[in-house]
Amino acid sequence: MATMNIIQAVGDALHVAMQADEKVVVLGEDVGKFGGVFRATVGLQQAFGDDRVIDTPLAESGIIGAAIGMALYGMRPVAEIQFSDFIYPAYDQIVNELAKYRYRSAGLFPSPLVIRTPFGGGIRGGHYHSQSPESVFAHQAGLVLVAPSNPYDAKGLLLSAIFADDPVMVLEPKRVYRGPDHGTNWGSHKKSEVPSGDYRVPIGKAEVARPRTGRGIAVSLITYGAMVHTCDKAAELAAQEGIDVEILDLRTLVPYDLERVAEAGRATGRVVVANEAPRMCGYAAEMSAVIQEQCFDWLQAPIVRVTGWDTPFPYTLENDYLPSPARVLDALRTVAHYR
Amino acid sequence: MTARTAQNPPELASANPSYNDFEQNTTSPFPTLTVGATADQLGLFRVLSPDGKIIQPDSDLENGTGVSDADALAMLRSMVRQRVLDDRMLALQRQGRIGFYGAATGQEAGTIAAGHALELRDWIHPALREGGMLLHRGWPLWQYLAQIFGNQDDTSTKGRQMPCHYGSREFGYVTLSSVMATQMPQAVGTAYAMAMQHAAPDRPICLGAIGDGATSEGDFHVAMTFAGVMRPRGLGLPLLLYVQNNQWAISTPVAKQTAAPTLASKALGYGLVGARVDGNDALAVLRVMRAAADHVRRGGVPVFVEAVTYRVGAHTTSDDPSRYRDERVTQQWAALDPIERLHNYLKIRGIWQDADLQALREHSDEEVRSTLAKVEQVPPVALETLFEDVYAKVPPHLQAQLAEARRYHAKAQ
Ligand SMILES: Cc1ncc(C[n+]2csc(CCOP(=O)(O)OP(=O)(O)O)c2C)c(N)n1
Ligand SMILES: [Mg+2]
């Protein structure tokens with residue numbers, strides 16, 4: 001057991017996986033000698049050599065295309081896309097190739113591989129170092145999408161992803177890489193305790209990040225990634241106003257934990273869904289739709305979405321774009337007091 | 001050099017160079033088995049003249065051609081079978097019995113001879129017209145036809161893809177997608193995995209096949225870049241990139257795809273080895289591809305081979321080429337038929353006769369007809385297959401959707 005931030009937890013998972021199975025290779029831009037722009041792959045090339053930790057040319061469709069070919073021939077590639085904003089040159093390889101390979105080949109050619117990519121805003125990255133692409137990829141049957149919010153899940157989900165039989169995209173919450181909510185330290189967070197060696201966080205299982213206390217008006221708050229921490233702050237404030245919030249951290253976005261989501265909807269009948277990405281056809285829209293399909297008779301209030309605006313992700317005004325604790329709090333109030 | 005301006009447009013190379021326009025090279029299959037050769041050194045390698053005569057016999061080589069009679073006969077059999085099969089499929093499509101077909105008519109040498117140069121452990125990432133390679137490897141004809149019908153026996157795609165999207169893991173032929181050029185970076189990755197799992201010189205290799213039009217896609221460029229740069233175990237990738245330049249991409253001639261002097265010359269800019277071969281000359285294709293395969297198997301720099309041929313038929317069954325090209329040129333190329341050429345060569349060698357060709361055609365036709373009769377009877381795929389193989393296991397949301405789809409299945413039929 002050691003205290004780690006998300007970067008360290010990711011690096012640790014990669015070490016464990018590469019040690020366990022020589023079929024695991026890591027490839028991407030600057031991942032080798034340098035250890036990645038976020039330093040997640042530091043030390044890997046020194047440990048496992050440059051044939052298994054590959055500095056690729058600067059071409060995302062080549063990274064994913066080559067990773068697919070490797071996976072078809074039995075390797076377990078972990079491709080890093082430096083920022084999820086730069087994934088689109090590989091969009092075709094992901095959507096038309098990776099996602100459909102098992103299906104289009106009648107199961108003959110599965111291509112299980114992992115795409116790790118940092119997503120989300122809050123690092124003063126402007127349009128192109130801040131976006132959240134999850135709904136674009138959630139729409140692609142055949143892909144698994146996970147988004148950890150803390151070091152423990154980051155390692156456990158990545159290990160599950162690397163040894164999964166399906167292609168998995170791991171969206172890493174870069175704003176909280178080094179500490180929750182702009183912090184630089186994960187130290188006091190209970191999920192910063194990371195076991196050594198191999199352990200798995202199951203794909204497809206959500207987790208309660210903050211339980212209800214049983215005091216006050218019960219509200220369910222569904223979210224994932226860095227927003228878990230924004231929501232936690234909002235829940236803290238809400239508690240002072242007599243609103244009793246359960247935060248459900250989805251962890252897996254596709255295929256999501258429908259049972260647990262529906263349970264949350266039924267338990268409180270008052271639901272807020274929060275995501276950073278734009279509202280239009282965003283992930284929160286899927287959550288809202290499924291909850292009203294599954295829990296209509298239990299609902300006490302309309303489901304409220306808290307999301308980024310339907311604009312490109314801005315630079316100087318990013319704190320106005322990102323859902324803040326205050327915005328989440330207002331949504332919690334709205335559903336809590338709806339009559 | 002004159003400046004290129006709107007008033008003074010560059011003269012475009014003729015869209016359809018005549019056969020004799022190509023600079024000929026009859027001496028070495030690999031004039032440029034070196035990195036850094038210049039574009040004009042990439043002459044077109046030829047062994048046979050169109051009438052099947054050896055242009056320049058090499059007494060050091062078996063039969064003066066470097067190709068054994070057994071190899072030549074094996075190729076001819078598959079080429080004829082391919083022609084018969086293609087003709088039959090085109091007829092079937094006109095009768096509305098199949099939905100689509102992309103034939104390799106006129107490209108049988110480019111397809112079969114390139115496939116013949118490989119070993120069975122080698123893998124192929126194909127483009128549209130390489131299906132004959134898979135049959136040539138021994139894949140059963142009924143599976144080929146079942147894929148075209150998309151019925152229960154379709155082991156390639158379970159009826160999920162259009163015709164011509166064959167695949168077989170056993171025969172090392174990766175199931176095609178319809179998307180141009182995506183297979184090329186994947187072929188690089190497959191070759192990389194091969195190099196990691198098998199030591200040179202005795203290792204499997206991977207062939208990535210593409211059409212001339214698709215060489216304009218970004219993925220082609222990316223693949224060429226990666227192919228040169230990636231050197232697992234300090235060696236070149238066991239990788240052949242192979243373009244069948246049939247001079248058309250639907251209605252677009254190759255001169256509108258690139259201003260490069262030849263497609264093969266593109267190899268040079270990526271630090272790869274380039275070679276150019278007469279794609280209607282099976283012996284030449286085999287020689288070049290064998291030399292290339294041997295070179296990359298041992299760890300040499302990956303080779304990009306251009307086989308120059310011609311799409312004498314329509315692009316697919318949904319196309320009418322008379323709307324965009326001069327079919328007199330097509331007739332000229334049709335006269336350079338690769339089957340005729342190989343047939344004549346074998347006749348000259350004295351081991352083959354016109355009657356043999358006729359018998360081979362009849363045999364292939366009978367085989368196709370009788371297999372077709374069986375395959376056409378196979379029932380359609382079951383509804384469950386719609387939800388299988390999206391993921392390794394059918395997840396709960398797809399189980400629920402299957403239950404929903406079942407309720408309407410009868411009505412959908
Ligand atoms: C990315 C993409 N764009 C367009 C198409 C439509 N399309 C199918 S075949 C084709 C032409 C291909 O020409 P070429 O690469 O020369 O291969 P050929 O058909 O001549 O064998 C086009 C444009 C496609 N399948 N994929
Ligand atoms: Mg073409």
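This is a short tour of a predicted model, stop by stop, with something to select at each one.

**Before you start**

Residues are numbered from 1 along each chain as its sequence is written, while chains are lettered from A and ligands numbered from 1 in the order in which they are written. Because the model is predicted, local features need pLDDT of at least 70 and side-chain atom pairs count only at pLDDT 80 or more, whereas totals for chains, interfaces and linings use all residues.

**Stop 1: chain B as a whole**

Select chain B and colour residues 21-375 as domain 1 and residues 383-412 as domain 2; these bounds come from an automatic or database domain assignment. The C-alpha centres of the two domains of chain B are 38 Å apart. Switch to a cartoon view and you can look for 12 helices and 9 strands in chain B. Helices (H or I, at least four residues) and strands (E, at least two) are DSSP runs, numbered from the N terminus.

Of the 413 residues of chain B, 52% are buried. Here a residue is buried if 20 or more other C-beta atoms lie within 10 Å of its own, exposed if 12 or fewer, and partly exposed in between, with C-beta atoms placed from the backbone.

**Stop 2: strand β8 of chain B**

Next, select residues 273-278 of chain B, which form β8; 6 of its 6 residues are buried. V273(B), A275(B) and V277(B) point one way from this strand, and G274(B), R276(B) and D278(B) point the other way.

Two strands pair if DSSP finds at least two bridges between them. Strand β2 (residues 44-45) of chain B pairs with β8(B) in the parallel sense over 2 bridges, and F45(B) has V277(B) as its bridge partner. β9(B) also runs parallel to β8(B), joined to it by 6 bridges; there, look for A275(B) opposite V305(B).

**Stop 3**

Is T309(B) buried or exposed? T309(B) counts as buried because it has 28 C-beta neighbours inside 10 Å. Leaving out residues up to four places away in sequence, the residues T309(B) touches include G106(B), Q107(B), Q244(B), N245(B) and N280(B). Such a contact means that the C-beta atoms of two residues, placed from the backbone, lie within 7 Å.

Then pick D212(B), in the loop between β4 (206-211) and α6 (218-229) of chain B. D212(B) has 24 C-beta neighbours inside 10 Å and so counts as buried. Draw a C-alpha to C-alpha distance from D212(B) to N245(B): 4.7 Å in space, though they are 33 residues apart in sequence. Beyond residues up to four places away in sequence, D212(B) touches N245(B), N246(B) and A249(B), among others.

**Stop 4: ligand 1**

Select ligand 1 and show its surroundings. How many residues surround ligand 1? There are 15, and the closest are M180(B), G211(B), G213(B), A214(B) and A249(B). A residue is near a molecule if its C-beta atom, placed from the backbone, lies within 6 Å of it. The shell divides into 7 nonpolar, 5 polar and 3 charged residues. Ala, Val, Leu, Ile, Met, Phe, Trp, Tyr, Cys and Pro count as nonpolar, Asp, Glu, Lys and Arg as charged, and the others, Gly among them, as polar.

**Stop 5: a sheet in chain A**

Move to chain A, where 5 strands form an open sheet of mixed pairing, in the order β9-β11-β10-β13-β14. Its edge strands are β9 (207-210) and β14 (304-308) of chain A, each pairing on one side only.

Select β10 (residues 217-223) of chain A, which pairs with β13 (residues 271-278) in the parallel sense over 3 bridges. L221(A) stands opposite V272(A) in β13(A). β10(A) and β11(A) also pair in the parallel sense, over 7 bridges, with I222(A) opposite L248(A). Of the 7 residues of β10(A), 5 are buried.

**Stop 6: where the chains meet**

Finally, show both chains: 34 residues of chain A are in contact with 38 residues of chain B. On the chain A side, α3 (60-72), α4 (91-97) and α5 (101-104) each supply at least two residues. The largest share, 9 residues, comes from α3(A). Coloured by type, the chain A side shows 17 nonpolar, 10 polar and 7 charged residues.
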